[in-house]
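Colleague: Could you put the model up and walk me through it slowly, please?

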Amino acid sequence: MTVLTAAPSALDTGDTAWLLTSAALVLLMAPGLALFYGGMVRAKSVLNMMMMTFGSLAVVLVLWTLVGYSLAFGNDVGGGLLGNPLQHLGLGDLMAPSSNGSSHVPVLLYAVFQGLFAVITGALVSGAIADRARFGAWMVFVAVWTVVVYAPVAHWVFDAGSPGHPGGWLVHQVGLIDFAGGTVVEVASGASALALALVLGRRIGFGKDPMRPHNLTLVMVGAGLLWFGWFGFNAGSALAADQDAVIVFTTTLVAGAAGTLGWLAVERFRDGHATSLGAASGMVAGLVAITPSCASLSPLGAIVLGAAAGVVCAFAVGLKHRLGYDDSLDVVGVHMVGGIVGTLGIGLLATAGAPTGVNGLLYGGGPGQLGRQAVGVVTVMVYAFVVSGILGLAVDKVMGFRVHRDDEVGGIDLAVHAETAYDLHALVTGRTVPHGTLRSLTHSGENR
Amino acid sequence: MKLVTAVIKPHMFQEVREALDALGINGMTVSEASGHGRQRGHTEVYRGAEYEVDLVPKLRLEVLADDREAADVVRVIADSARTGRIGDGKVWVMPVESVLRVRTGELDDAAI
């Protein structure tokens, strides 16, 4: 992540325009994720899956505005562990131009851009608990999680500090390179997902009943939107419309392509078929891996890393069947494992010719950076897993995290939201028999 | 009178119907069904996890025939529904006690 510095500079409208666009692109990842995840669950729970993403969008943005941004990017209050929670409370202080006269882009824009990162990260976690989480419990979880897991980790990794103010300990003291969130977004969401999958337990019928995706068309559309939005995620993190952003754009592009090929190659040789779900998954795996490393690799390095992530993640998604935990939509196998591949990959494949200017082990840089990357991965993984586990258990204890058995079997959409995603009755029968009876109208003025 | 019931591959229906028309069979009842025979269904793979889909879509075809026609109906269905590949289906014949045409009240052979 490029850092906003306190060095005096005039507002750059070109950079601001690109960051506004990037923020909108990252926002598009939320409905993209909703489609990607929604298509992968069974027809009876697609709405609940999508609602967990849309719910995250709503509650995380509010929490981020209130206190999240301050905790992540406020001046450090000790040891590089946390930002001052009161500094930008409600973001009101960022409205006046005088408060950001030191930056080439408005700090308020940077704050909401970062808030959208928090949204996606929180929503990613929900993929692990598809089909069985109560919506209200999820909303409470993701709200608190944003404050106690995401914001501190974002401070450690993304806040490089400013003159007179030390930043987060991983970026400032350890020297971790994580341009757009391999640890903050991918490893943190994956480790949290694993913790939550263990807290909630397996879906009824896991390992026995077929739980195949109900609509792969939605999955493909969602994956496409994610890739599109990912350019805002990565190239937007350059915070400028410059050569660095172009390099990041390029590495993001080719890593997604290489990830697709890597996953499909595994499927073709292992299972005999290259599948559409594999193409979408491999693309996401490549993009996950390039997220931390997009400013550290050459385009060729990005191809190698993306393909490696596609291959490794294709094998990693089988872990849940072997180890017996039910991470429904493979958040661990794709995001945590892909995030680890990408973050550690910097230590191997980074080239000094890229914007971050560091050589990895294979480019003669020695093992130092690889070690620094490993410290980042391990600490974020352990912290996110432990705190999310405790939080998940607390929510379960206080309000119950899992729906009733009957509701899980019958369909969580109907039980929790009083809706069903599809009414195909008319298609099949020509609606000769009414599917239901209109009992009453909510508003007396309707239907006149 | 006999009831000839056939479970066939959905995409073979058009050929079966044309063959029955050629035989002079006027009426039939068709419904969607699902099931499997000895070979069961097929395998689908999602992210490396294999799912055995053992209830595959079929069409169930029912034809009422008099005793003389029944054997021809069975033969025609069997010939026209055959692809030679797994899952071509089955045809079976059951005795029918009585038949009534609702519109006219005709009974048995006259009602077929």
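Modeller: Let us begin with B:Val96, which has its place in the segment after strand S6 of chain B, where helices (DSSP runs of H or I, at least four residues) and strands (runs of E, at least two) are numbered from the N terminus. Before we go on, please keep in mind that this is a predicted model, in which local features need pLDDT of at least 70 and side-chain atom pairs count only at pLDDT 80 or more, while totals for chains, interfaces and linings use all residues. As for the conventions, residues are numbered from 1 along each chain as its sequence is written, chains are lettered from A and ligands numbered from 1 in the order in which they are written, and side-chain values use heavy atoms, with hydrogens and water left out.

Colleague: Okay, is B:Val96 buried or exposed?

Modeller: B:Val96 is buried, with a relative accessible area of 19%, since the word buried is used under 20%, exposed over 50% and partly exposed in between, with a 1.4 Å probe and protein chains only.

Colleague: And what does B:Val96 touch?

Modeller: If residues up to four places away in sequence are not counted, B:Val96 touches B:Met1, B:Lys2, B:Leu3 and B:Leu64, a contact being heavy atoms within 4.5 Å.

Colleague: Stepping back, what is the pattern of chain B along the sequence?

Modeller: Chain B has 2 helices and 6 strands, and they follow one another as β-α-β-β-β-β-α-β. Its radius of gyration is 17 Å, well over the 13 Å that the globule rule gives for 112 residues, so chain B is more spread out than a compact globule; the radius is taken over C-alpha atoms, and the rule is 2.2 Å times the number of residues to the power 0.38. Along the principal axes, the C-alpha atoms of chain B fill a box of roughly 60 × 25 × 20 Å, and of the 112 residues 34% count as buried.

Colleague: How many helices and strands are there in chain A?

Modeller: Chain A has 16 helices and 0 strands. Its radius of gyration is 22 Å, close to the 22 Å that the globule rule gives for 448 residues, so chain A is as compact as a globular protein of that length. Of those 448 residues, 54% count as buried, and the C-alpha atoms of the chain fill a box of roughly 70 × 55 × 40 Å along the principal axes.

Colleague: Where is A:Leu239?

Modeller: A:Leu239 lies in the loop between helix H7 (216-235) and helix H8 (243-270) of chain A. Its phi is near 60°, a positive value in a residue other than glycine, and at 1% relative accessibility A:Leu239 counts as buried.

Colleague: And what about the loop between H11 and H12?

Modeller: A:Gly324 is found there, between helix H11 (319-323) and helix H12 (331-349) of chain A. Leaving out residues up to four places away in sequence, A:Gly324 touches A:Arg202, A:Phe206 and A:Leu319. A:Gly324 and A:Leu198 are 126 residues apart in sequence and 9.8 Å apart in space, C-alpha to C-alpha.

Colleague: Last topic: how many residues does the contact take from chain A and from chain B?

Modeller: The contact takes 20 residues from chain A and 8 residues from chain B. The two chains bury about 1,100 Å² between them, 60% of it on carbon and sulfur atoms; buried area here is the accessible area (1.4 Å probe) that two parts lose on being put together, summed over both.

Colleague: Which residues in chain A lose the most area to chain B?

Modeller: Those are A:Arg212, A:Asp271 and A:Leu277, which together account for 36% of what the chain A side buries.
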